[in-house]
Amino acid sequence: MQADLRPGAPTKVRRTIKYESERVKGFGREVMAVPGCDQLVRCIQCGTCSGTCPLSVYMDHSPRQIMALVRADFKDEVLRSNSIWLCASCYACTVECPREIRITDIMYALKQRAIKERMYPKRFPIPVLAREFTNMVSKKGRITETLLVMRLFMKANLLAVLSSWRQGIGLVRTGRFVLRQERIEHSAELAAMLATTDSQAEPAPKTNQEAA
Amino acid sequence: MIYSYFPGCSLKGLGRAYEESLLPVMRHLGVELVELEDWNCCGATAYMSVDERKACVLAARNLAIAEKAGPHDLVTPCSACYLVLNKTKHQLQDSEQMRATVQTALGTAGLTYAGNTPVRHPLDVLVHDVGLDVVKERVVRPLTGLKVAPYYGCQVVRPYATFDDAWNPTTMDRLLAALGAEVVDFPLKTKCCGASLTGTLPEAGLRLSYILLKEAKRRGADVIATICPLCQFNLDAYHDKLAKRWGPVRIPTVYITQLMGLAFGIPAEELGLNRCFVPMKPLPAAPAPAPA
């Protein structure tokens, strides 16, 4: 379920009963097996992350709740939440966490998982931007921001083009509207490099039996 | 002083004024920045959201090219590039598996990664290598009377920087003071600007930018100084939308290097100051300039 992001929308407190059957056993362990995410086991649910996070008020689950849900194996609820996509990687929680849990890195692990399993809200612009960004870099080696934003608008939000016309004119006026795609000389070399990671086996996630 | 230089995509696009001011200012201080040959995008936050191993390979290619270029430190002005390149160094140090993945990938192009090139930010170089005394000596047009709010943003100081404090960084404050500016106490100096959320989820992203701008104005700042191309864009290019939602908060946001350039007597038009949406007022008539 997605939080209501419209201005003035009332902040609702939701109380949801969670059922054992919703758990995907082993999910928490899989996330904690990702390099950098192992400290999650030490979380004491103090909520410092949620208090530090500049975006937690917009999240359907606060960072503290996400940490608890991951540990308790509520995979679907975590991967479908908007929280992981609202994380802007400011690393405030990571620096502040008294248990030295790298919360930002856990959010990255969850984003990667959601993209891999296509479990993000449809037409939700943030993962669309991540994918378009990745495609452009993989092909050209560099990002041309204005072209990237135009692609994002086309894929996720055509209306945004209309509301941003003033900004577009401003960019042209200040000479910041770049239409020529930046690219590197050895883009084929880069593509070959990136391709080598596909052929290497991923570390096998622990099976449900092992985890249980 | 010679450094390798990784500009990053933004400095060739929306953030070109940063490069336009950084290069002459560094040259003025006797610092030579040699752009890396055929560098590629660092991957920023987006690539890491999709594929961690590819993101590591992508960033490591730049580190390998820097190593090949010579024993110089690598300077990168963009906050995202600075974070990603440093993060990649940490990942490669911590994980043998990732190191093997990256070496295999780099090997296809005859590159290797040894991990011995420090990745540094211009603020670090300016304060710790060049030194505030040298900066002060070069000031011909002190920014006396100009009230500046120093805004660092998030990713330069967190979580990998060792040259400044994660919560109350002061390198830019000291640099501004050396230029003769009046440094405004700005407790939001490391608060997130909203990053790419200003474009993807404006309701959430723009509010963060708004809070920063409003607080800077409330504290009487004439201008906000920044060190990140995305922060500059967010604080500069959305004033129409911000005014419509919450009321006007017009205040110019410029790069610290642009202010340095002005203090060094470099003409405004050579510092990319014409690229701001909200233009900075010309400096008040200079008091008798100190002898150079």
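Domain bounds here come from an automatic or database domain assignment. For chain B, that assignment gives domain 1 (2–120) and domain 2 (137–275). The centres of domain 1 and domain 2 of chain B, taken over C-alpha atoms, lie 24 Å apart.

This is a predicted model, in which local features need pLDDT of at least 70 and side-chain atom pairs count only at pLDDT 80 or more, while totals for chains, interfaces and linings use all residues. Residues are numbered from 1 along each chain as its sequence is written, chains are lettered from A and ligands numbered from 1 in the order in which they are written, and side-chain values use heavy atoms, with hydrogens and water left out.

Start inside chain B. How many residues of domain 1 of chain B are in contact with domain 2 of chain B? There are 24, and they meet 23 residues of domain 2. Contact means heavy atoms within 4.5 Å. The size of an interface is often given as the accessible area lost when the parts come together. Here the two domains of chain B bury about 2,100 Å² between them, 69% of it on carbon and sulfur atoms. Buried area is the accessible area (1.4 Å probe) that two parts lose on being put together, summed over both.

One salt bridge links the two domains of chain B. The term means a side-chain nitrogen of Lys or Arg within 4 Å of a carboxyl oxygen of Asp or Glu. E20(B) forms a salt bridge with R275(B), and their closest N and O atoms are 2.8 Å apart. On the side of domain 1 of chain B that touches domain 2, α1 (16–28) and α4 of chain B each supply at least two residues. The largest share, nine residues, comes from α1(B). Helices (H or I, at least four residues) are DSSP runs, numbered from the N terminus.

Now turn to chain A. 65 residues of chain B are in contact with 65 residues of chain A. The two chains bury about 5,800 Å² between them, with 61% of it on carbon and sulfur atoms. In chain B, L14(B), R53(B) and F277(B) lose the most area to chain A. Together they make up 11% of what that side buries.

Which charged pairs link the chains? Five salt bridges are counted between chain B and chain A. D240(B) forms a salt bridge with R166(A), the closest N and O atoms being 3.5 Å apart. Several helices give two or more residues to the side of chain B that touches chain A, including α2 (44–50) and α3 (52–69) of chain B. α2(B) gives the most, with seven residues.
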